[in-house]
Amino acid sequence: MQPSDYRKGDSSWFVRDRFGLFIHWGLYAMPARHEWVKHAEQIPNEDYDSRYFSRFDPDLYDPNLWAQAASQAGMKYFVVTTKHHEGFCLWDSQFTDYKAPSTPARRDLLKPMVEAFRSQNMRVGFYYSLIDWHHPHYILDRHIGPYRNHPDREKMNQGRDMRQYAAYMRNQVKELLTDYGKVDILWFDFSYPKEDGSGKGRKDWESEELVALIKKLQPDVLLDDRLDLPGVWDIKTPEQVQPRQWVTVDGQRVVWEACQTFSGSWGYHRDEMTWRSSDQLIRTLIDCVSKGGNLLLNVGPTARGEFDERALSALQDIGLWMKRHSRSIYGCTQAPDEFACPQDCRLTYNPETQRIYVHMFAWPYKHLNLTPVFAQRVAYAQFLHDGSEIKMVLDEWHAKQLSANKSDAILQLPQVKPNVAVPVIELYLKA
Ligand code: GLC
């Protein structure tokens with residue numbers, strides 16, 4: 001498939017909504033040592049399944065609580081691991097027994113989740129792992145998976161047929177796109193082609209056929225960029241990094257979304273302690289939007305079906321900030337180049353309302369210096385959290401003391417930082 005043959009999905013809502021929840025939930029919540037635990041500890045199927053699959057029972061699972069927590073944090077969409085690399089499916093797939101209804105959970109866990117998030121007006125995204133550490137036809141390679149170092153790996157591959165696995169994926173994706181209403185995002189993960197053919201990529205997944213099927217079923221769905229088909233994707237997905245600037249491909253700015261975790265793991269990891277502060281998370285969201293991107297922030301629910309209390313309290317803090325500041329996030333993007341970003345700040349811009357938002361990552365003394373373009377273009381300035389006016393005029397004495405350029409715009413600020421995680425100044429541009 002040529003990039004020119006690919007009809008892009010509908011990203012108009014995506015670049016407005018800006019903030020989503022990633023959910024990594026599967027059997028790996030039980031070992032609680034990272035979603036790659038089966039690979040990392042080279043756990044054979046029999047052990048993994050007798051320990052976890054046979055006991056998976058999220059008795060406290062209430063997706064309404066999840067959806068409420070996400071919505072109150074200001075998130076507008078969610079993406080859930082319908083199947084992660086371990087191969088376990090959260091929904092009632094006809095094509096495998098390796099699924100939630102066959103565990104003590106005894107039900108489709110996906111359907112009520114989709115309903116709960118939709119009832120909060122959130123859009124629906126499905127993560128689907130291309131990698132599969134359980135499927136009997138998935139060829140075991142030497143790079144990834146619990147059997148990568150196994151002495152009998154080649155023998156174990158006898159009779160395995162990746163074409164059957166690719167057909168299985170198409171069947172499952174068809175289910176996901178048929179039985180759950182409108183799906184807004186499909187998030188495939190991931191390809192690792194190698195020069196010598198020992199990895200896996202588009203030929204193994206039969207990516208082109210998969211995309212053709214998807215486009216037939218739900219043409220507007222957004223696809224991530226991990227199917228190993230150059231140019232055939234809607235969203236670039238930098239992972240666990242913060243891009244330095246608007247993400248480009250061949251010199252063109254593209255739709256992008258950073259995906260990041262609260263701590264160092266996607267799946268629930270009991271003993272992982274590198275949790276970022278709420279302030280850091282809020283700044284990350286702002287930083288994404290200031291570079292024209294989205295943030296997909298991940299939570300790994302526990303084996304009993306709850307969000308970790310640390311995740312819940314961070315979501316609450318984010319929600320507190322978003323309640324008063326979401327105007328600088330929704331519908332916003334990078335500010336036009338002529339507006340130079342002031343010291344220690346991030347700018348966002350709403351092209352529809354023609355407002356610029358100055359996010360102050362550090363509090364100055366009593367003044368914020370903006371370049372002359374602002375002086376020419378700004379009609380009115382106020383704090384976003386309380387709608388209180390910020391004056392722009394300055395007497396000669398102050399201008400001199402500040403060594404400000406005569407034509408600069410100087411905002412006069414209170415000496416004490418407002419009591420919000422990141423203060424935001426809303427600038428109304430002249431019509
Ligand atoms: C990765 C990991 C993974 C996680 C994902 C999210 O490639 O394999 O566990 O699901 O990225 O971006």
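First, the ground rules. The model is predicted: local features need pLDDT of at least 70, side-chain atom pairs count only at pLDDT 80 or more, and totals for chains, interfaces and linings use all residues. Residue numbers start from 1 along each chain, following the sequence as written. Helices (H or I, at least four residues) and strands (E, at least two) are DSSP runs, numbered from the N terminus.

I start with helix H4. H4 covers residues 63-72, and its buried residues are Pro63, Trp66, Ala67, Ala70 and Ser71. Buried here means that 20 or more other C-beta atoms lie within 10 Å of the residue's own; with 12 or fewer the residue is exposed, in between it is partly exposed, and the C-beta atoms are placed from the backbone. How are the buried residues of H4 arranged around its axis? They fall within an arc of 125 degrees, so they line one face of the helix. The arc is taken over the directions from the helix axis to the C-beta atoms. As background, an α-helix has 3.6 residues a turn, so residues three or four places apart point the same way.

What does that face pack against? The partners of the buried residues of H4 are strand E1 (19-23), strand E2 (77-83), helix H5 (110-119) and helix H11 (309-325). Contact means C-beta atoms, placed from the backbone, within 7 Å of each other. Just after H4 comes Gly74, with a positive phi of about 95 degrees.

Next, H5. Its buried residues are Leu110, Met113, Val114, Ala116 and Phe117. Down the axis of H5 they fall within an arc of 165 degrees, so these residues also line one face of their helix. Their cover includes H4, E2 and strand E3 (123-129). Just after H5, Asn121 has a positive phi of about 60 degrees.

Now the two helices together. Two packed helices are described by the angle between their axes and the distance between the axes. For H4 and H5, the axes come within 8 Å and cross at roughly 35 degrees. The axes are lines fitted to C-alpha atoms, for helices over the stretch in contact, and the angles run from 0 to 180 degrees between N-to-C directions. On the H4 side the contact involves Pro63, Asn64, Trp66 and Ala67, and on the H5 side Pro112, Met113, Ala116, Phe117 and Ser119. By class, that contact has 7 nonpolar, 2 polar and no charged residues. The classes are: Ala, Val, Leu, Ile, Met, Phe, Trp, Tyr, Cys and Pro nonpolar; Asp, Glu, Lys and Arg charged; the others, Gly among them, polar.

On to the ligand. Which residues surround the ligand? They are His24, Glu35, Trp36, Asp189, Phe190, Glu239, Cys259 and Trp266, each counted by having its C-beta atom, placed from the backbone, within 6 Å. The shell has 4 nonpolar, 1 polar and 3 charged residues. Two of its members, Asp189 and Phe190, are joined by a cis peptide bond, with omega about -15 degrees. Phe190 sits in the loop between strand E4 (185-189) and helix H8 (202-205).

Now some backbone angles in loops. His34, between E1 and helix H2 (37-40), has phi near 95 degrees, a positive value in a residue other than glycine. Is His34 buried or exposed? His34 counts as buried, because 20 C-beta neighbours lie inside 10 Å. Arg106, in the loop between E2 and H5, has a positive phi near 50 degrees. Arg106 has 9 C-beta neighbours inside 10 Å, so Arg106 counts as exposed.

Last, a loop glycine. Gly292 is in the loop between helix H10 (278-290) and strand E9 (294-299). Gly292 counts as buried because it has 21 C-beta neighbours inside 10 Å. Leaving aside neighbours within four places in sequence, Gly292 is in contact with Trp246, Arg253, Thr333 and Gln334. Arg253 also touches Thr248, which lies in strand E6 (residues 248-249). Thr248 is exposed, with 12 other C-beta atoms within 10 Å.

Conventions:
Contact = placed C-beta atoms within 7 Å.
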